Amino acid sequence: MTQMRTTPLLVTVALAGMLVMGLATTPAFAKDSLWAALAEGGKVVMVRHTESEEAEPERSLHLAHGDCSEEQNLSEEGRAQARALADAIRQHGVQVAEALTGEFCRTTETAELVFGGAETWNALNLLNVLPADEVDFLLEDVRDRIGDFRGPGNLFMVTHRPNINMLTFQNVEAGSLVILQPDGTGGFDVVGEIPLESYY
């Protein structure tokens with residue numbers, strides 16, 4: 001009877017293969033578990049608006065209060081991304097209890113395409129243009145709104161990358177979702193991120 005000897009090299013190659021397989025399957029599993037967590041409800045989701053058109057800083061930072069001809073808007077790709085997100089939310093059985101959005105046209109249009117509309121809230125406006133003497137108060141107001149949410153369903157907030165980064169320390173790309181779990185004491189934990197490429 002021939003015995004197969006396992007050499008250190010074979011062990012190393014086998015372990016490397018298992019590691020590669022793990023890296024290939026873990027992200028997809030993680031995304032599925034995040035969608036499942038949303039289907040359970042009781043979460044708050046910070047959504048960065050989908051892709052916007054190229055614009056000069058003066059235009060991208062200009063809030064025209066409803067006159068989208070003066071603002072940076074979603075690109076056609078961004079509109080397609082928002083529709084794909086709406087489909088993904090429906091397909092995963094995620095209940096939307098409430099949707100809030102900043103006042104910039106690129107956030108309100110994202111919310112319109114994903115949720116059919118949302119309540120505007122100036123606290124979700126681009127961090128760079130919030131009144132300097134009100135920034136801390138407004139961010140604390142958002143934290144409180146997140147920490148106090150109980151469900152049923154999920155609360156979605158459509159906003160901008162600097163706001164999401166300041167509140168959650170997550171640096172996300174356009175169309176990405178950061179899932180938050182209120183902890184019952186007014187705070188919250190970051191559950192994970194669903195990136196754009198996982199549903200579009």
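## Ground rules

Because the model is predicted, local features need pLDDT of at least 70 and side-chain atom pairs count only at pLDDT 80 or more, while totals for chains, interfaces and linings use all residues. Numbering starts from 1 along each chain as its sequence is written, and side-chain values use heavy atoms, with hydrogens and water left out.

## Overall layout

The protein chain has 6 helices and 6 strands. Those are DSSP runs numbered from the N terminus: helices are H or I with at least four residues, strands are E with at least two. Read from the N terminus, the order goes α-β-α-α-β-α-β-α-β-α-β-β.

Take the contacts (heavy atoms within 4.5 Å) with a separation of 6 or more: 64% of them in the protein chain are between residues 24 or more positions apart.

## Surface and burial

Of the 200 residues in the protein chain, 44% are buried. Buried means under 20% relative accessible area, exposed means over 50%, and partly exposed is in between (1.4 Å probe, protein chains only). The chain exposes about 10,700 Å², with carbon and sulfur atoms supplying 54% of it; the areas come from the Shrake-Rupley method with a 1.4 Å probe.

## Backbone spots to check out

His65 has a positive phi, near 50°, despite not being glycine. His65 sits in the loop between helix H2 (57-60) and helix H3 (76-91), and counts as exposed because its relative accessibility is 60%.

Phe169 is another non-glycine residue with positive phi, near 65°. Its loop runs between helix H6 (161-168) and strand S5 (177-182), and at 68% relative accessibility Phe169 counts as exposed.

Then there's a cis peptide bond between Gly151 and Pro152, with omega about 5°. Pro152 lies in the loop between helix H5 (135-148) and strand S4 (154-159).
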